[in-house]
There are 2 protein chains.
Amino acid sequence: MSKSGKKKVVIIGAGFGGLQAVKKLSQNSDLDITVIDKKNHHLFQPLLYQVATAVLSPADIAIPTRSLVGESKNVTVVLGEATKIDISNKTVYYQNTSTNYDYLILSAGARSSYFGNDQWAQHTIGLKNLKDALKIRHKLLISFEKAELSGDPEVAKSLLNYVIIGGGPTGVELAGSIAELSHQIIRDEFHTIDPALSKITLIEASPRLLMAFSPSLGEFAKRRLEKRGVEVLTGTRVLNIDEKGVHLEGKTIHSDTVIWAAGVQANAIAATLGAPLDRSGRVMVDEFCNIEGHPEVFVIGDIANYTKGLERPLPGVSPVAMQQGRYVAALIKNDLKNKKRKPFHYIDKGSMATIGRTDAVAEVGFLKMKGFFGWLAWLFVHLFYQVGFKNKITILITWVWSYIAFSAEARVIQDEVSAEKE
Amino acid sequence: MSKSGKKKVVIIGAGFGGLQAVKKLSQNSDLDITVIDKKNHHLFQPLLYQVATAVLSPADIAIPTRSLVGESKNVTVVLGEATKIDISNKTVYYQNTSTNYDYLILSAGARSSYFGNDQWAQHTIGLKNLKDALKIRHKLLISFEKAELSGDPEVAKSLLNYVIIGGGPTGVELAGSIAELSHQIIRDEFHTIDPALSKITLIEASPRLLMAFSPSLGEFAKRRLEKRGVEVLTGTRVLNIDEKGVHLEGKTIHSDTVIWAAGVQANAIAATLGAPLDRSGRVMVDEFCNIEGHPEVFVIGDIANYTKGLERPLPGVSPVAMQQGRYVAALIKNDLKNKKRKPFHYIDKGSMATIGRTDAVAEVGFLKMKGFFGWLAWLFVHLFYQVGFKNKITILITWVWSYIAFSAEARVIQDEVSAEKE
């Protein structure tokens, strides 16, 4: 309990799950809520690839957590990294200090996983946060400039070689939008090189793209990407990644720009709970999103493995996190009224992935949409879920404008080049 | 002459002056034009302070130079730093290579000047490019977070102490908008500290603010800033700046965030011309914006000192650079037709500076505007001069929205904090 005698709720992570929980809990003035996040903003991760490909700016998809929940008098927002949870003493450690809790909601998300090949990290860029996205943007833009400056088609060809590993929605969306950027949008602005020299390869170990979707939609995405000039290698395992590039069975793709969208693992704080984890480091939770023997500790979203009564764990997507966030908030409120807990029940609202401008796949139950109508569904859902009103309007204008002008307006290389360093 | 037999024009710097020149020259297909810039974008510098105070995003005020002029077949855009000019061999050196010219337009601009106290640079942040603006934004946002995390009013007070040196338009605009950010916009979102604890000090050596304006407007700006909680110290010389803060006569202001808006000097490449320079390193030019004996070398904008027939040099403001850019472009075109050269004539369109939301000063000839009408004039002129159509709309929406909601939407700290580093 906090000094005020109120029950204290600590939430680690202001992603989709944590944000829903805090929004719902903040209505209850009998609770004292602390949100700890190592970022100062809630990030609309599904559009991160559009920052990476210079269509949107960071502030278009990131809203300060404070401006979303900070005005509630019972919510304290802390910019800090939580490093350890002591469940026996109900304590969370962060930034040289600590705090007690009556309820803990752990929603710290996931980071890139290299399946035991951590040395690959130094030769690839992930796509989990704004820094990653800006790093990819910088790499892409600089590669065009260097190729133009070289004036040599052979040098240009090697610079303009991009590999994306992982054929899930993130990989498909990135491949499609890098193809648009390099083959179309900037084509007329470079004179000594042909941006069409650029080569984009999408590698997936499974037999098809978008394994979470129906096979026909995975096939559709593959055909459309190939039409856009992307080489799609399905059923292809990556053997090694080093400074030379990506090594496959009988083939090496030389590339300076290798993007990793293949797998994630839970945030490292999960292990400090002392509860059972799955192979990806996610915390095994019961039907109440609790860990065994601790009804006051909830684990939700990408950091949790919820398999109770299901064949497979719930996927690491935002609707799962959001529904779990609202669920545990309601459950805590019911606890205060001594109501009986009901198990979590996930409502699958479908999946979608965009392949390019006016081209996407979407699947809701038996309903499959693809091409332009899939894209309209995607546009509607993404604008609808975007958090702030102003962001929705500027994103819509940015999209409409960039579709009309076929441009990518956020092509800003923030650093200046220097003659000495290059 | 270039290989094609066309006359070759090299332009160094795609700021206000260089951009106007290349736009006008690109219409002439008898010219082969190369633009060299160390940034990939044209920057609308007058709004840089709004990026620094989290109202606008970098891409709102920066447009890729390529997308502005790159589609002209006779324009080559090079991302690179020009380091040396050899006027006897008509050669420009950049990025390990070089290029010849028939005409050179040097419009490389200015950087911060510390009046011989270069060691002050490491304790201050300038405001000349996007990197500077993002550094200031990061410092401001992190200082609020650290103060909140400390929970101690004394610690908070020392963290929330901002000093701006230089009472020209940049200093006035920065002081006003930091006051808005720290005293008003974020006030309700912090609970353990009061953002009103923050102290903003604006220091100017001259007897009043805005020396380029009429005295009454400088006085007006001072009163308005004071009303907004800014301490304005005019007639105050800075004796030293070190890790402790800013040392004045009989007083030291302790501050981690010292912003330098006091003076500029010409880009270092000016000295490689071998032509006479003024005290700020600017190139002395004649009535045709030429250096003596070299009718093929033009120097324009902030890197030039144009005093011909005037009492004082033309000020380092965008209208001067833009008019000179158009002038030298017209002059080169006339040369090709063997027309006689006419001297440059500057048309003063006045000055303006904003103090805060709905509050500005503007002066055009005998006409003085202040307060809300000054601000409307400022808004109109700045939107009118913004380069891209899309940017104008998103900036307008961002402004309208942030005025309605009294928010600053670009408050994104791009890095994550880490428990180890802090």
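## A run of hairpins in chain A

Strands β14(A) and β15(A) form a hairpin, with two residues between them. Strands here are DSSP runs of E with at least two residues, helices are runs of H or I with at least four, and both are numbered from the N terminus. This is a predicted model, in which local features need pLDDT of at least 70 and side-chain atom pairs pLDDT 80 or more, while totals for chains, interfaces and linings use all residues. Residues are numbered from 1 along each chain as its sequence is written, chains are lettered from A and ligands numbered from 1 in the order in which they are written, and side-chain values use heavy atoms, without hydrogens and water.

β14(A) covers residues 238-242 and β15(A) residues 245-248. The two run antiparallel, joined by four bridges; two strands pair if DSSP finds at least two bridges between them. A:Val238 has A:Leu248 as its bridge partner in β15(A). β15(A) also joins β16(A), residues 251-254, through four bridges, and these strands run antiparallel. There A:Val246 stands opposite A:Ile253. This hairpin has two residues between its strands, and A:Gly250 takes a positive phi near 70°.

β21(A) spans residues 294-299. Five of its six residues are buried, meaning under 20% relative accessible area, where over 50% is exposed and in between is partly exposed (1.4 Å probe, protein chains only).

β21(A) has pairings of both senses. β9(A), residues 103-106, runs parallel to β21(A), joined by three bridges. A:Leu106 is bridged to A:Val299. β20(A), residues 290-291, pairs with β21(A) in the antiparallel sense over two bridges. A:Ile291 stands opposite A:His294. Two residues lie between the strands of this hairpin, where A:Gly293 takes a positive phi near 80°.

A:Asn305 belongs to β22(A), residues 304-306. Its relative accessible area is 4%, so A:Asn305 is buried. Leaving out residues up to four places away in sequence, A:Asn305 touches A:Asp278, A:Arg282, A:Val283, A:Met284, A:Val285 and A:Pro313; contact means heavy atoms within 4.5 Å.

Helix α7(B) runs over residues 169-185 and has 17 residues. From first C-alpha to last it reaches 22 Å, close to the 24 Å expected at 1.5 Å a residue. That expected span is 1.5 Å times one less than the number of residues. Because 14 of the 17 residues of α7(B) are buried, the helix is largely enclosed by the rest of the structure.

## Rings and charges

Over all chains, the structure holds 22 aromatic pairs. One of them is B:Tyr103 with B:Phe298, stacked at 6.3 Å centre to centre and 25° between the planes. The pair links distant parts of the chain, β9(B) and β21(B), 195 residues apart. Both residues, B:Tyr103 and B:Phe298, are buried. Rings of Phe, Tyr and Trp (its six-membered ring) pair with centres within 6.5 Å; planes under 30 degrees apart are stacked, over 60 edge-to-face, the rest tilted. In chain A, ring pairs link A:Tyr114, A:Phe115, A:Trp120 and A:Trp260 into a cluster.

A:Arg66 lies over the face of B:Phe190, 3.9 Å from the ring centre. The charged end of B:Lys84 sits over the ring of B:Tyr93, 5.1 Å from its centre. Such a charge is NZ of Lys or CZ of Arg within 6 Å of the ring centre and within 35 degrees of the ring normal.

## Two copies

Chain A superposes on chain B by a rotation of 180° with 0.0 Å of shift along the axis (RMSD 0.0 Å). The copies are therefore related as by a two-fold rotation axis. A:Thr394 comes closest to the axis of the residues of chain A, at 3.0 Å (C-alpha). The copies meet through the same surface, because 100% of the interface residues of chain A are also interface residues in chain B.

Terms used: Copies are superposed by least squares on the C-alpha atoms of residues with pLDDT of at least 70 in both.
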